[in-house]
Amino acid sequence: MKKSKSIEKIVIFLLCLVCFIVGMAVPIVYNRNSDTNSFEWQKMKKVYSLLTNEWYFGKEVENLEDTLIEQAISGMTYSSLDAHTNYFSLEQAQKFSDILEGSNVGIGFIYYTDEDNNMVVKNVYMDSPADKAGFKPGDMIVEVDGLNCATEDIQNILDRIKEKAEQEINVNIIRDGKEETVKLTPTSYDATVICNIYEDYAEIILSSFSEYSGRDFNLSMERIKKAGINKVIIDLRDNTGGYLNSVLDIASVLLPKDSLVFTEENKNGKLTEQISSNAYSQIKMDKIIILQNGSTASASEVLIGALKSYLKDTVITVGTNTYGKGTEQISVPFTDGTSIKYTCAKWYTPDNENINEVGFKPDIEITQIDAATTKYLKVEEDTIIKKDEVHTNAEALQIYLKFLGYEVDRQDTYFSLASSASLEKYQSEHNLPVTGNCDYDTWNSILDNVLLKMNKNYHLIDNQRQKALDLIK
């Protein structure tokens, strides 16, 4: 960004920004706010002058003038009324764009590492190289392009896969006790849709709404239809949203032609109906179970609202209350790579309901096990959770010990002597110094084993998914 040579340029820039954001005619806004002799404008000029010329610590700020302008713009987007209007720095804008894009380069599967450091396939992304090569959950990957998974650092393997983009590589897998070599070509794929087909039902895991989510969702439903399945679980847990156009595409797969998906209301009260895109033909299901939780938000809630409105006798929601984001945002990029995301409208379900800050209650409420939902602070190398003392992470520590089969007498921030004795047993069984206190190495060992147990048994310990299966069957 070029440095502004005068405060007048800053004022003009801010006016242009305001005009662009609110979508009002430039002459009207300019006439109303362009009096640079007003008290507020003079005060802003004075603050800018003081900070650039006299602020002691200004000498320590690189590109001070630009930094002050960036902070001023960021301040304009802050409001206690709206947590979803934000100014993004270059790094933040890139991260936000990457999340929305949903694409990745590689093979296209989710994995966990087993006790021998082999990569075990947990799920496969729709239409990815792994999907086309026939990878299945449970496949054990033992070698990638000559790199042995048991002895090679996993990050080196992932880097090798990206390095070999658009080049054929050999991947050795073990399936049902037999090793085989699969040839595939790492390439770009959409990492938002997973489809698993079982004996009498199917499961679609939709992690976000990217540009290609509608396409891959339709491919999944076509695959389900071809398999003769008419019952599906749609997992929207932790799906915080994405492109609304993608919702309209997915709605065209699930709802009748020309269905009202949601209605927008702008700041002037104008209502605009958003109709299913008709990009695909409806594929009817006898039963649809939707999994939702507190991180199911925005576009996910739009889809839930539409499905609940049209398919009342078919759709059942399971889990916990959704986030409650009944507003719509637009992202506007600038030429320097930064961007602004601002709220442009509220949205309403086909039943004329707005769920902002309320969310959708599930038809059947069921929570997950404590070990799957507990939170903890980042543990540094010098962190020690001492017995008979209070520590923020003591709650998670005791919950995890119980999950791994060790006896604890409480699950709060006090690390009891009884729980410490169980920790000593854990340390002894895992070749760690037996202290009864949880240091950095012990904590990471416990986390690794918790993740391993969760991944190996996720079908059994996922209470919400188990309830969905009961309803499906």
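Which strands does helix α8 (residues 213-226) lie across? Here are some notes on that and a few other spots, for when you have the model open.

1. **The helix over the sheet.** Helix α8 lies across β10, β11 and β12, and runs at about 5° to β10. Bear in mind, as you look, that this is a predicted model.

2. **The sheet itself.** Those strands belong to an open sheet of 6 strands with mixed pairing, in the order β10-β11-β12-β15-β16-β19. At its edges stand β10 (193-197) and β19 (364-365); each has a single partner strand, so one side of each has no neighbour in the sheet. Within the sheet, β11 (residues 202-206) and β12 (residues 231-235) are joined by 4 bridges in the parallel sense.

3. **Confidence.** Average pLDDT for the protein is 90, with 92% of the residues scoring at least 70. The stretch to treat with care is residues 1-32, where pLDDT stays under 50. For that stretch the model has 40 contacts beyond four places in sequence.

4. **The overall picture.** The protein has 473 residues, of which 45% count as buried. Its secondary structure comes to 16 helices and 21 strands, and the C-alpha trace spans about 80 × 60 × 50 Å along its principal axes. Taking the contacts with a separation of 6 or more, 64% come from residues 24 or more positions apart.

5. **A strand with two partners.** Strand β13 (residues 260-265) is mostly covered, with 5 of its 6 residues buried. It is joined by 5 bridges to β14 (residues 271-275), and the two run antiparallel. Here Thr263 stands opposite Glu273 of β14. The hairpin of β13 and β14 has 5 residues between the strands, and Gly269 takes a positive phi near 85° in it. β13 also pairs with β18 (residues 339-348), again in the antiparallel sense, over 3 bridges. In that pairing, Glu264 has Trp347 of β18 as its bridge partner.

6. **A helix pair.** Two packed helices are described by the angle between their axes and the distance between the axes. For α3 (residues 39-53) and α4 (residues 64-77), the angle is about 145° and the axes are 10 Å apart. The crossing of α3 past α4 is right-handed. On the α3 side the contact is made by Tyr48, Leu51 and Thr52, and on the α4 side by Leu64, Glu65 and Leu68. By class, these contact residues are 4 nonpolar, 1 polar and 1 charged.

7. **A mostly covered helix.** How many of the residues of helix α12 (residues 394-403) are buried? The count is 8 of 10, so to speak a helix that is mostly covered. The buried residues are Ala394, Ala396, Leu397, Gln398, Ile399, Tyr400, Leu401 and Phe403. Just after α12 comes Gly405, with a positive phi of about 100°.

Note on methods. Residues are numbered from 1 along each chain as its sequence is written. This is a predicted model: local features need pLDDT of at least 70, side-chain atom pairs count only at pLDDT 80 or more; totals for chains, interfaces and linings use all residues. Side-chain values use heavy atoms; hydrogens and water are left out. Axes are lines fitted to C-alpha atoms, for helices over the stretch in contact, and angles run from 0 to 180 degrees between N-to-C directions. A crossing is left-handed if the near helix is turned anticlockwise from the far one by less than a right angle, and right-handed if clockwise. Contact means heavy atoms within 4.5 Å. Ala, Val, Leu, Ile, Met, Phe, Trp, Tyr, Cys and Pro count as nonpolar, Asp, Glu, Lys and Arg as charged, and the others, Gly among them, as polar. Buried means under 20% relative accessible area, exposed over 50%, partly exposed in between (1.4 Å probe, protein chains only). pLDDT is the predictor's confidence in each residue, from 0 to 100. Two strands pair if DSSP finds at least two bridges between them.
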